[in-house]
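Have the viewer open as you read.

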Amino acid sequence: MRNIKLIWDFRGPAAAKTAEHHEIHLKEYIQIEKLPLDITGYEIIHEMHAIAYMVVPESQMIAVRDTLKPHRGEVYE
């Protein structure tokens, strides 16, 4: 089974702090929903763009996507 990396993009001077804070909420969601994976993170792309992400099993991707509204997704390897 594949895993999907759901991604939220943040832009502007506060992007890094916003992405870092968003990861906290993603971790909370994983605990509440008891998801089988706990892979989350944030990355600073450059000073005006950062992302937060979480990895979910493909079988649960649609439910999580519809609830959390990520900006995009990709196959996680």
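With which side chain does the side chain of Thr-40 make a polar contact? The partner is the side chain of Glu-23, at 2.9 Å; a polar contact is a pair of N or O atoms within 3.5 Å, where within protein one must be able to donate a hydrogen and the other to accept it, and residues adjacent in sequence count only if both atoms are side-chain atoms.

This is a predicted model, in which local features need pLDDT of at least 70 and side-chain atom pairs count only at pLDDT 80 or more, while totals for chains, interfaces and linings use all residues. Residues are numbered from 1 along each chain as its sequence is written, and side-chain values use heavy atoms, leaving out hydrogens and water.

Thr-40 sits in strand 2 (residues 40-46), and Lys-5 in strand 1; strands are DSSP runs of E with at least two residues, helices are runs of H or I with at least four, and both are numbered from the N terminus. Buried means under 20% relative accessible area, with a 1.4 Å probe and protein chains only.

| Residue | Relative accessibility | Class |
|---|---|---|
| Thr-40 | 14% | buried |
| Lys-5 | 11% | buried |

Beyond four places in sequence, Thr-40 is in contact (heavy atoms within 4.5 Å) with residues including Leu-26, Ile-30 and Tyr-53. For Lys-5, the contacts include Glu-43, Tyr-53 and Arg-72.

Now the largest nonpolar core: buried Ala, Val, Leu, Ile, Met, Phe, Trp, Tyr and Cys residues joined through side-chain atoms within 4.5 Å. Among its 16 residues, Leu-6, Trp-8, Phe-10, Leu-35, Met-54, Val-56 and Val-64 touch the most other members. Helix 1 gives the largest share, 5 residues.

Methods: Buried < 20%, exposed > 50% of the residue type's maximum accessible area, 1.4 Å probe, protein only.
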